[in-house]
Amino acid sequence: MAEKRKITVAYGDGIGPEIMQATLDILFAAGANIETEVIEIGEKVYKKGISTGIAPESWDSLRRTKVFLKAPITTPQGGGFKSLNVTTRKTLGLYANVRPCRSYYPYVDTNFPLTDMVIIRENEEDLYAGIEHQQTDEVIQALKLISKPGSEKIIRFAFEYAKAYNRKKVTCMTKDNIMKQADGLFHKIFNEVAQEYPTIETNHMIIDIGSAIIADRPHSLDVVVTENLYGDIISDIAAQVTGSVGLGGSANIGPDVAMFEAIHGSAPDIAGLDIANPSGIINAAVMMLVHINQSEVAEKIQNAWLKTVEDGIHTSDIYGKNSARKVWTSEFAKEVILRLGQTPTQLRAVKYDQNVVMDLSKMSKKPKAKKELVGLDVFLDWDKDGRDPGKLGEQLKKADTKQLKLNLITNRGVAVYPEGHPETFCSDHWRCRYYPEKEGTVIQNEQVIELLAKINEAGFDFIKTEHLYYFDGERGYSLGQGE
Ligand code: NAD
């Protein structure tokens, strides 16, 4: 027999220990060739004053085993505690969040019996970079960062996942009608990578209509790939409409390490009562087994679990008109174990290929683009003269330098100078756009510094600048409204 695969296990908080025990009982009964290393995370660790919720030595276990089966934890409110999930994802580079959303109708009630979709969410970038600044009394900025490699990695992952699991279609969801640069990049890379997978159908949806489709026709979707924030939102919608919030598992995959967990939290309200549904973490453990090339055991557990659900053996959260018997958490695990080797007759049984192969090594290599500085946005905190944009423009014009001229002022993105509308509400946060006299002329940082010095001398409070670049002759910034 092959050497046992070591995995790191955390029992977590609240219902965590009960559902983890139930899951491990099933894994061992099914013959999973694993050995567990237990680490402590969550409340107890936070209480020791470790703000990340995970002790430094626990990282060693994760780096050693590279596989983490994690029960939910309770995140203390406030007090400078950091989300363990966000820390783990970022520290270990777990860039792909995979959430299958499948209906188990009629055993679990849903309006969408045919749903069987997978959401693949980018896990490291976007607004989750957590870079936020208050810039004026009235305005706070949260930075959304989308990178080429970050986008390419997750999009390739989605296509490789679709290929490995015989999925037919990959849908990309963005908001590139508004965020033409950031979301435009994600969409563009999706189109490029899609060329390499001609047998997989592809399409793109704007995230708002995409969310509506998930809420209305989830069975029309197969694999969905999207950015971090959109993925966070739509994966909850998808889980909810399939009726399986308590049943869903998720995987967080990185180049070296992967973490598997239920999508629900630690449910402190029912902790210790032996009534929690362990299915979320069981389904996560099935994904883990596929990941560590123990597909046969994964299949055995998943089919036994489906058969248990189909036989109406239900924990109280899903107990209803199609249930046969209400069971405790521990009893549910025993019932799954009894059915190991069986397959469901009504629900679709699963079949995993031996050793699912995903080629995630490829990344396109493009030469660095030529970058040219062609202008500057200077942001001001200005709250004078009744916030009259005309007055601001007149005074600011005096600070123009020989090379850089004030071209446009916007307030929260709306053009207010030289032309604007009296109805536009103005905050104390102004974006002032400068171009060289002859637009398109390349400028240098010295000219930026000279301009800022003049703006400062003129008594204006500049709070940030953004350089306006062309990359290989293509505009790398959005136009101001009305520009
Ligand atoms: P929750 O998912 O823990 O609970 C929401 C509701 O669903 C509760 O009524 C709960 O009893 C029920 N529920 C959840 N899982 C269940 C299960 N397996 N079986 C039966 N019923 C179940 O969400 P919450 O109450 O918002 O959060 C509780 C704690 O969990 C918070 O501290 C939160 O930060 C944490 N949390 C942790 C994770 C994680 O570790 N991955 C994820 C989400 C929330």
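One salt bridge is counted between domain 1 and domain 2 in this predicted model. The side chains of Glu138 and Arg387 form a salt bridge, with 2.8 Å from N to O. Domain 1 covers residues 5-338, and domain 2 covers residues 371-475. Their centres, taken over C-alpha atoms, are 44 Å apart. At the boundary, seven residues of domain 1 touch nine residues of domain 2. The two domains bury about 680 Å² between them. Carbon and sulfur atoms account for 43% of that area. On the domain 1 side, Gln135, Thr136 and Glu138 lose the most area to domain 2. Together these three residues make up 63% of what that side buries.

Across the model, the count comes to 33 salt bridges. One of them pairs the side chains of Asp126 and Lys144, at 3.8 Å from N to O. Asp126 lies in the loop between strand 5 (116-122) and strand 6 (132-134), and Lys144 lies in the loop between strand 7 (140-142) and helix 5 (148-164), so the pair ties together parts that are 18 residues apart in sequence.

Helix packing was examined next. Two packed helices are described by the angle between their axes and the distance between the axes. Helix 10 spans residues 295-310, and helix 11 spans residues 329-338. Their axes come within 8 Å and cross at roughly 115°. The crossing is right-handed. Helix 10 contributes Ile301, Ala304, Trp305 and Thr308 to the contact. These residues meet Phe332, Glu335 and Val336 in helix 11. By class, the contact has five nonpolar residues, one polar residue and one charged residue.

Several loops have backbone features to note. A cis peptide bond joins Tyr105 and Pro106, with omega about 0°. Pro106 sits in the loop between strand 4 (96-102) and strand 5. Another cis peptide bond runs from Tyr417 to Pro418, where omega is near 5°. Pro418 belongs to the loop between strand 17 (414-417) and strand 18 (429-436). Asn166 is a residue other than glycine, but its phi is positive, near 55°. Asn166 is placed in the loop between helix 5 and strand 8 (169-174).

Key:
Residues are numbered from 1 along each chain as its sequence is written. This is a predicted model: local features need pLDDT of at least 70, side-chain atom pairs count only at pLDDT 80 or more; totals for chains, interfaces and linings use all residues. Side-chain values use heavy atoms; hydrogens and water are left out. Axes are lines fitted to C-alpha atoms, for helices over the stretch in contact, and angles run from 0 to 180 degrees between N-to-C directions. Helices (H or I, at least four residues) and strands (E, at least two) are DSSP runs, numbered from the N terminus. A crossing is left-handed if the near helix is turned anticlockwise from the far one by less than a right angle, and right-handed if clockwise. Contact means heavy atoms within 4.5 Å. Ala, Val, Leu, Ile, Met, Phe, Trp, Tyr, Cys and Pro count as nonpolar, Asp, Glu, Lys and Arg as charged, and the others, Gly among them, as polar. Domain bounds come from an automatic or database domain assignment. Buried area is the accessible area (1.4 Å probe) that two parts lose on being put together, summed over both. A salt bridge is a side-chain nitrogen of Lys or Arg within 4 Å of a carboxyl oxygen of Asp or Glu.
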